[in-house]
Amino acid sequence: MIVMEETIFDLETRVAGLKKEVESYKSKADEAEKECSGARLSWSEGDRELNALKERVAVLEAEKAEQATQQASTRQGEQSLRKELDASHRALEKLQADNMQLQEAKSSLEASLADCKGLDEEN
């Protein structure tokens with residue numbers, strides 16, 4: 001009977017130890033669950049932040065595309081204005097050359113007129 005009592009005592013001791021071990025594992029499992037829950041929250045927050053950043057990138061890319069379009073349009077406008085300015089300069093130079101020819105012709109005509117008047121006065 002003493003042997004049986006010792007065996008029962010040993011078994012009870014082992015059961016108590018196992019119960020403590022189970023409680024320890026339950027505690028660790030609860031802590032792990034809390035960490036997982038926190039990680040899930042962090043993951044969700046990270047997803048929200050990532051989506052917000054993706055939206056911001058899309059907006060910035062759209063703005064960049066619009067700006068590139070405006071710059072291209074501005075460049076085309078500048079090229080057009082340069083062409084018009086160059087054409088205006090060429091037209092001005094031609095007018096100045098024509099004006100000089102007209103001045104020369106006027107001077108020649110005035111000289112011829114003076115010669116004619118001089119001849120009329122002699123006659």
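1. The radius of gyration used in this note is taken over C-alpha atoms, and the globule rule set beside it is 2.2 Å times the number of residues to the power 0.38. By that rule a compact globule of 123 residues would have a radius of gyration near 14 Å, whereas the protein chain has 52 Å. Along its principal axes, the C-alpha trace of the protein chain spans about 180 × 15 × 10 Å.

2. Please keep in mind that this is a predicted model, in which local features need pLDDT of at least 70 and side-chain atom pairs count only at pLDDT 80 or more, while totals for chains, interfaces and linings use all residues. Residues are numbered from 1 along each chain as its sequence is written, and side-chain values use heavy atoms, with hydrogens and water left out.

3. The protein chain holds 1 helix and 0 strands, where helices (H or I, at least four residues) and strands (E, at least two) are DSSP runs numbered from the N terminus. Helix H1 covers residues 2-122.

4. Of the 123 residues in the protein chain, 0% are buried; here buried means under 20% relative accessible area, exposed means over 50%, and partly exposed lies in between (1.4 Å probe, protein chains only). The accessible surface comes to about 11500 Å², and 57% of this surface belongs to carbon and sulfur atoms; such areas come from the Shrake-Rupley method with a 1.4 Å probe, and for residues only the protein chains shown count as cover.

5. The protein chain carries 18 positive and 28 negative side chains, and the centres of the two sets lie 6 Å apart. Lys and Arg count as positive and Asp and Glu as negative, while His and the chain ends are not counted; the place of a charge is NZ of Lys, CZ of Arg, CG of Asp or CD of Glu.

6. Side chains of opposite charge can pair when their charged atoms come close. A search of the whole structure finds 3 salt bridges, each being a side-chain nitrogen of Lys or Arg within 4 Å of a carboxyl oxygen of Asp or Glu.

7. One of them joins Lys26 and Glu23 at 4.0 Å, N to O, and these two residues, 3 apart in helix H1, are separated by about one helical turn. Lys26 is partly exposed at 47% relative accessible area, and Glu23 is partly exposed at 48%.

8. Glu78 and Arg82 meet at 3.9 Å, N to O, being 4 residues apart in helix H1. Asp98 and Lys94 meet at 3.3 Å, N to O; Asp98 is partly exposed at 27%, whereas Lys94, at 51%, counts as exposed.
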